[in-house]
Every structure is written in C-alpha cells, then in structure tokens.
Amino acid sequence: MPKKNSKIIFKRITLIGIGLIGSSIARRVKRDGLANHISVSARSQNSLDRAVELGFADTVTLDQEDSVKNADLVIICSPIGAYSDIIQNIRLGLKPGAIISDVGSVKQAVIRDLSPHIPEGVHLVPAHPVAGTEHSGPDAGFPELFEDRFCIITPTKQTNKKSINQVTQFWQSLGSKVEIMEPNHHDLVMAMTSHLPHLIAYTIVGTATDLEKTLANEVIKFSAGGFRDFTRIAASDPTMWRDVFLNNRDAVLEMLQRFSEDITALQRAIRWGEGDTLHELFSRTREARRGVIEAKQEKMYD
Ligand code: NAP
C-alpha cells in the first residue's frame, strides 16, 4: 500500500547518477518521506550497490530505460557530457505526463541536448541547485546540502506552468529557495559566480604544483596564507568541471576576458605603486563579502 503523505509531490522518483547531488536528493527524500519510491541508475554497479547499502534507493538498475518506467519525476544527476546518451537511453521508457529534470551547472547546453528527444506528453523542467562540495560519489551526499541554498529553474518555451510549480515545490521541500531564470542569463551569472572562480582555483593550484620542488613544498606547508581555500575548490571533480567549461564556453570566455583586463590593470597599479587604486578595489570587494553574508550564502560548501 502506498504511504499517504501530504508532502509527496511525486510518488515515484528516478535519479540517474547517484553522486554528491543525486545522493543528497535521495537522502533528503528518504529522510522526509517525500516520495513512495526512489529508483536509481548510474554508470557502475559499484555505485548502485553502495546506494542500496546506504539505504536511500528502493530499486537500482544499470538499465536506464527500465529505471524510468512509471516514474513521475526523473532527475538526471550525471555530468553534463553524459546527457545526450542518457536521454537516448531513457526516452522510450518515460511515461506520458512524466517530468524530466536535471541538476546540471549549465543550462543552455542541457536544453540543446535534451529538448529534441523529449517525447510528446513529457515535460522538461531544467534546474540547477546552487549547492555543492568538492566531494563526489554516493558517500559524499547529505540531506541538508540544499538547505537555504538557491535552486534555479530555467524553463524552456515548451515547459508548462503546472510542471514548473511542481518542480518548484519539490525543491522547496528539499529546503531550497527557488528562482526562475532565462537559461542564457543563468549561464552568464554562473560563469562569473562559479565557473570562473573554479578556473582561477585550478590555475593557481596548477601553477603552484609546477614550481620547483622546494618552493612547491613550502606552498603546501604555509597554505593557510590563502592557498588552502583554492586547493579545496581545485579538488572538485575533474569530469564534472571539464563538462562545465566545454558546455558554457562563450559565457566563460566573456567573463575571463573581463577578468584578464582587470588583472592587467592591477598588475599596472602594483608596478607603478598606485596604492589608492589597490585600496579602493580591496574596499569594494569587502563590501561584496558583506552582501554574501547578508544573503546567507557564506556556508563553506557551494
Ligand atoms: P558525482 O558525485 O561525480 O556523481 C556523478 C554520478 O553520475 C555518478 O553516480 C556516476 O555514476 C553518474 N554517471 C556518470 N556518467 C553516467 C552515465 N553515462 N550514465 C548514468 N550515470 C552516469 O557528480 P555530482 O557532483 O553529483 O554532479 C552531478 C551533476 O550535478 C553535474 O551535472 C554537475 O554539473 C551538477 N552539480 C554539481 C555540483 C557540485 O558541486 N558537485 C553542484 C551543483 C550541480 P558512477 O558513480 O557509477 O560512475
């Protein structure tokens, strides 16, 4: 007998990909009884076995088409580069009226890859929870990951209001604050707030590891001077981030161009001893930090 629960928006949920994000959704749904059934698919049997051991999957299968049968909500939680294959694998298994959503960090490319393959009567509602850590895999998730964090929904021209409302309610039940945004705007904002910072972290840590051995060892030893925070970000999943940069190329290049101009200006200010320029910038950036704290977005995982 299915459980009666007023919190249930989708009775049967399928998660394709059960890493940090997928397993955090599953844990929260299980903990709060937000669905009657969670079906899980992934790339490897190891991850599926782990999902069963950890107790947040009701059924698991490597057969992706089978995993979406009878699902009311399917959420793709894999790296973005796998979406094209996944949609081809599942499209015939989706039931009419089902909602297909995702958690990808880029939205225009996701819509480009998914929309042409969405069957008649199935609703695509792309989404991006702006929450994460540098850890990956089914063990990395935790049910509070989305608490007080934004989830951005980027509907397509075909997405109907009812599906948007249902997905909105679902993310709210996971603890998120939901914003609706145009996909291209999402990609531009994320290029600045998330993708460029990751690129900078990868670069700084890469540069440090290229230093001659003694100097590189000193960098690690004295990392509390600022370097440490970059190493956390630069430890993020290489596959996920490769796919983000390849799929948000234009917006990242645009923000990188601006960043390069600004860093060149700073270089000049240091060379010419223009202390006022430096002081004025560092005062403005301090204000930006206050804004982040006021928006309650300062938690150490992002
Ligand atoms: P993750 O921990 O590395 O997990 C990825 C999952 O996807 C794994 O379960 C993996 O299966 C599965 N997978 C990979 N290729 C697949 C395929 N071809 N078919 C089916 N499953 C496949 O990654 P994550 O951090 O949860 O990220 C997942 C998505 O969330 C990405 O699109 C990312 O852009 C987005 N996102 C991430 C963050 C973050 O901070 N990490 C934040 C917001 C959004 P196996 O375990 O079997 O290999």
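This is a predicted model: local features need pLDDT of at least 70, side-chain atom pairs count only at pLDDT 80 or more; totals for chains, interfaces and linings use all residues.
**View 1. The residues around the ligand.** The ligand has 28 residues around it, and those that come nearest are Arg43, Ser44, Ser47, Ser78 and Ser105. Sorted by class, this shell holds 14 nonpolar, 13 polar and one charged residues. Two elements that each supply at least two shell residues are α1 (20-32) and β7 (127-129).

View 2. At Ile18, a backbone N or O atom lies 2.8 Å from an oxygen atom of the ligand. Ser78 also brings a backbone N or O atom to an oxygen atom of the ligand, at 2.7 Å. Ser105 uses its side chain instead, with a polar atom 2.7 Å from a ligand oxygen atom. The protein buries 90% of the 900 Å² that the ligand exposes when taken alone.

**View 3. The open sheet that includes β7.** Three strands with mixed pairing form this open sheet, in the order β7-β8-β9. β7 and β9 (177-180) are the edge strands, each with a single partner, so one side of each has no neighbour in the sheet. From one strand to the next, the twist averages 20°.

**View 4. A closer look at β7 and β8.** β7 and β8 (residues 150-153) run antiparallel and are joined by three bridges. Ala127 stands opposite Ile153 of β8.

**View 5. The helix across the sheet.** Helix α6 (residues 161-173) lies across β7, β8 and β9. Relative to β9, α6 runs at about 150°.

Definitions and conventions:
Residues are numbered from 1 along each chain as its sequence is written. Side-chain values use heavy atoms; hydrogens and water are left out. A residue is near a molecule or strand if one of its heavy atoms lies within 4 Å of it. A polar contact is a pair of N or O atoms within 3.5 Å; within protein, one must be able to donate a hydrogen and the other to accept it, and residues adjacent in sequence count only if both atoms are side-chain atoms. Accessible areas come from the Shrake-Rupley method with a 1.4 Å probe; for residues, only the protein chains shown count as cover. Helices (H or I, at least four residues) and strands (E, at least two) are DSSP runs, numbered from the N terminus. Ala, Val, Leu, Ile, Met, Phe, Trp, Tyr, Cys and Pro count as nonpolar, Asp, Glu, Lys and Arg as charged, and the others, Gly among them, as polar. Two strands pair if DSSP finds at least two bridges between them. Axes are lines fitted to C-alpha atoms, for helices over the stretch in contact, and angles run from 0 to 180 degrees between N-to-C directions. Contact means heavy atoms within 4.5 Å.
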